[in-house]
Amino acid sequence: MAADHYRADTENGNHVDDPSEDALFVLISDLNGTDDTFVVIQPDADDPAWSASVAVLNESGQEIVRRDTSRREHNVAIATSVNRIAGHLIKWLAARAG
């Protein structure tokens, strides 16, 4: 079944439709510096207007990139708390997945 709102895909092929905060936490926690370095969250559409990604920056942090072309938004942040990253992302996604 396709995602109603958005999907999350990791570099190594993990895929979650409409991920919850807990699912985002797990996907981000599983990132590593070798074969699973990023997760991308975006609408299940051909030309998505927005997207968010989390990538391994180094052993102790992740780079979070949020883009929304309809709102002319492009934000890049660095964080170390997977719990906070997942929480902030789920709120940001909820504002877009109407």
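A residue counts as buried when its relative accessible area is under 20%, as exposed when it is over 50%, and as partly exposed in between (1.4 Å probe, protein chains only). By that rule Pro19 is buried, with a relative accessible area of 2%. The structure is a predicted model: local features need pLDDT of at least 70, side-chain atom pairs count only at pLDDT 80 or more, and totals for chains, interfaces and linings use all residues. Residues are numbered from 1 along each chain as its sequence is written, and side-chain values use heavy atoms, leaving out hydrogens and water.

**Overall fold**

- The protein has two helices and six strands. Helices (H or I, at least four residues) and strands (E, at least two) are DSSP runs, numbered from the N terminus.
- Along the sequence the pattern reads β-β-α-β-β-β-β-α.
- The C-alpha trace spans about 35 × 30 × 20 Å along its principal axes.

**Surface, contacts and charge**

- Of the 98 residues in the protein, 35% are buried.
- The accessible surface comes to about 5800 Å², and carbon and sulfur atoms hold 46% of that surface. Accessible areas come from the Shrake-Rupley method with a 1.4 Å probe; for residues, only the protein chains shown count as cover.
- A contact means heavy atoms within 4.5 Å. Among contacts with a separation of 6 or more, 41% join residues 24 or more positions apart.
- The protein carries 8 positive and 17 negative charges, and their mean positions are 12 Å apart. Lys and Arg count as positive and Asp and Glu as negative, while His and the chain ends are not counted. Each charge is placed at NZ of Lys, CZ of Arg, CG of Asp or CD of Glu.

**Helix α2**

- Helix α2 covers residues 82–94, which is 13 residues.
- At 1.5 Å a residue, helix α2 should span 18 Å, and its end C-alpha atoms are 18 Å apart, which agrees. The expected span is 1.5 Å times one less than the number of residues.
- The buried residues of α2 are Val82, Ile85, Ala86, Gly87, Leu89, Ile90, Trp92 and Leu93.
- An α-helix has 3.6 residues a turn, so residues three or four places apart point the same way.
- The cover over the buried residues of α2 includes β1 (6–10), α1 (21–29), β3 (38–43), β4 (50–58), β5 (61–68) and β6 (73–79).

**The loop between β2 and α1**

- Asp18 lies in the loop between β2 (15–17) and α1. Its phi is near 45 degrees, a positive value in a residue other than glycine.
- Asp18 is partly exposed, with a relative accessible area of 28%.
- Pro19 also sits in the loop between β2 and α1. Pro19 touches Tyr6, Arg7, Ala8, Leu24 and Ile90, not counting residues up to four places away in sequence.
- Pro19 and Gly87 are 68 residues apart in sequence and 12 Å apart in space, C-alpha to C-alpha.

**Two more sites**

- Arg72 lies in the loop between β5 and β6. Its phi is near 55 degrees, a positive value in a residue other than glycine.
- Arg72 is exposed, with a relative accessible area of 80%.
- Ala55 is part of strand β4. Ala55 touches Thr37, Phe38, Gly61, Gln62 and Glu63, not counting residues up to four places away in sequence.
- The C-alpha atoms of Ala55 and Thr80 are separated by 11 Å, and these residues are 25 residues apart along the chain.
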